[in-house]
Amino acid sequence: MRAVVHDRYGPPEVLRLDDVERPIPKDDELLVRVRASTVTQTDCHMRRARPLLWRPYLGWLRPRSRILGFEFSGEVEAIGAAVTKFAVGDRVFGLRNGAHADYLCVREAGFVSRMPAEITFEEAAAICDGANQGYVNLKGAKVGKGTRLLVYGASGSCGTAAVQFGKNYFGAHVTAVCDTPNVDLVRSLGADEVIDYLQEDFTKSGQTYDVVLDAVGKHSFLRSRRALKRGGAYAATDRLYNFPLSLLTSRSKKKVVFTVEGHPNPENIVLFKELIEAGKYRPVIDRVYPLEGVVEATRYVDTWRKVGSVVLTLNGTSA
Ligand SMILES: NC(=O)c1ccc[n+]([C@@H]2O[C@H](COP(=O)([O-])OP(=O)(O)OC[C@H]3O[C@@H](n4cnc5c(N)ncnc54)[C@H](OP(=O)(O)O)[C@@H]3O)[C@@H](O)[C@H]2O)c1
């Protein structure tokens with residue numbers, strides 16, 4: 001089967017298409033014929049292996065896992081002997097390493113679900129990564145009904161999901177911060193207020209918030225501090241130094257919350273599917289490339305200018 005592989009760390013050009021062995025499903029696994037995947041910031045972090053702290057996990061000198069890609073949608077091609085909840089031909093989506101390939105295996109009990117009705121493979125592939133990151137961090141920061149929530153980086157894949165979950169699931173009052181071209185999009189996702197960061201610095205407006213979610217990892221606790229209410233939290237989605245900061249500030253009046261999830265919780269995908277079917281969440285897609293365009297797609301993701309997700313299509317049309 002075809003797969004995008006990388007044998008060393010580096011720029012997008014380390015990625016190349018190769019023929020690799022098709023995986024064989026274990027008893028508790030589904031074999032999925034992948035129809036769409038995405039290029040995410042997670043893929044880019046893994047491709048660069050920066051910061052170096054990633055290396056014990058990824059491999060010191062070269063990547064232990066050659067195939068990137070984390071989000072997928074596709075059709076179940078075969079099932080293991082012990083699988084009971086899925087059948088051959090089911091349209092599924094989820095999170096699993098190695099999704100930039102024609103086929104992947106995922107545990108029936110893993111982060112996988114049948115696709116919501118009336119959704120394309122392209123849309124289904126873009127549901128989970130940013131959504132899980134946004135959801136887990138809003139939950140970790142204890143966002144709830146009436147919380148004054150500010151989402152910084154509201155137009156990225158995590159940000160677009162966080163705005164929708166903040167408003168439609170947690171019941172917060174959402175202020176979204178983004179660049180001028182994305183103001184209308186972010187408003188259409190349900191933000192109560194939108195701040196164009198090219199026109200206004202939210203930390204200097206005099207407004208204060210219970211939670212500042214830095215959905216893109218480009219702000220900081222120090223800069224956000226004065227926009228936090230007493231008892232408020234800066235929720236970080238990136239930058240490992242936020243972890244010790246979260247410990248240091250855990251008893252402070254203004255603190256850092258850094259929520260780490262070892263493995264995505266499969267209960268979350270069920271929630272995402274329900275929210276999509278209820279019209280409360282929709283994935284935002286920026287560009288779509290064929291698998292062969294993975295280097296170009298990755299160069300674009302590396303610019304940090306994508307809006308929502310960048311999708312790769314495989315195995316024919318994805319309608
Ligand atoms: N640990 C995990 O499992 C996990 C999973 C997913 C994501 N993450 C992390 O979550 C973060 C967000 O990922 P993502 O996929 O949502 O990113 P993304 O989609 O690539 O973010 C792109 C968006 O960020 C905005 N942006 C770029 N630079 C900015 C700046 N200096 N200030 C404000 N906004 C800026 C851009 O909007 P404008 O043009 O409007 O500025 C663009 O729309 C990343 O740090 C990623 O590593 C972690």
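Predicted model: local features only at pLDDT ≥ 70, side-chain atom pairs only at ≥ 80, totals over all residues.
The charged end of Arg22 sits over the ring of Tyr103, 4.1 Å from the ring centre.

Helix α10 spans residues 294-302, and its buried residues are Val294, Val295, Ala297, Thr298, Tyr300 and Val301. In an α-helix there are 3.6 residues a turn, so residues three or four places apart point the same way. Several elements cover the buried residues of α10. Among them are the strands β1 (2-5), β3 (29-39), β14 (285-290) and β15 (309-313). Helix α1 (41-48) is also included in this cover.

Helix packing was examined next for α4 and α9. Two packed helices are described by the angle between their axes and the distance between the axes. Helix α4 covers residues 129-140 and helix α9 residues 266-277. Their axes come within 11 Å and cross at roughly 105°. The two helices are therefore roughly perpendicular to each other. On the α4 side, the contact is made by Ala131, Asn132, Tyr135 and Val136. On the α9 side, Asn268, Leu271 and Phe272 take part. By class, this contact has five nonpolar and two polar residues, and no charged ones.

Aromatic pairs were then counted, giving 13 in total. A pair of aromatic rings is described by the distance of the centres and the angle of the planes. One of the pairs joins Tyr135 and Phe272. Their ring centres are 6.0 Å apart and their planes stand at 85°, so the pair is edge-to-face. Tyr135 belongs to α4 and Phe272 to α9, so this pair ties together parts that are 137 residues apart in sequence. Both Tyr135 and Phe272 are buried. The two residues are also members of a cluster linked by ring pairs, together with Phe111, Phe165, Tyr169, Phe170 and Tyr281.

Another pair is formed by Tyr152 and Tyr197. Here the ring centres are 6.2 Å apart and the planes are at 35°, so the pair is tilted. Tyr152 lies in strand β8 (residues 148-152), while Tyr197 lies in the loop between β10 (193-196) and β11 (209-214), so the pair ties together parts 45 residues apart in sequence. Tyr152 counts as buried, with 12% relative accessibility. Tyr197, at 33% relative accessibility, counts as partly exposed.

Two loop residues were also considered. Thr147 lies in the loop between α4 and β8. Its relative accessible area is 11%, under the 20% limit, so Thr147 is buried. Beyond residues up to four places away in sequence, Thr147 touches Lys142, Ala172, His173, Asp210 and Val211.

Gly217 is placed in the loop between β11 and α7 (221-224). With 4% relative accessibility, Gly217 counts as buried. Leaving aside residues up to four places away in sequence, Gly217 touches Thr237, Asp238 and Arg239. Gly217 and Thr237 are 20 residues apart along the chain, and their C-alpha atoms are separated by 5.9 Å.

Key:
Residues numbered from 1 in each chain as written. Heavy atoms only, no water. Axes fitted to C-alpha atoms, helices over the stretch in contact; angles between N-to-C directions. Helix = DSSP H or I, 4+ residues; strand = E, 2+ residues; numbered from the N terminus. Parallel < 35°, antiparallel > 145°, perpendicular 65-115°, else oblique. Contact = heavy atoms within 4.5 Å. Nonpolar A, V, L, I, M, F, W, Y, C, P; charged D, E, K, R; others polar. Phe/Tyr/Trp six-rings, centres within 6.5 Å; stacked < 30°, edge-to-face > 60°. Buried < 20%, exposed > 50% of the residue type's maximum accessible area, 1.4 Å probe, protein only. Lys NZ or Arg CZ within 6 Å of the ring centre and 35° of its normal.
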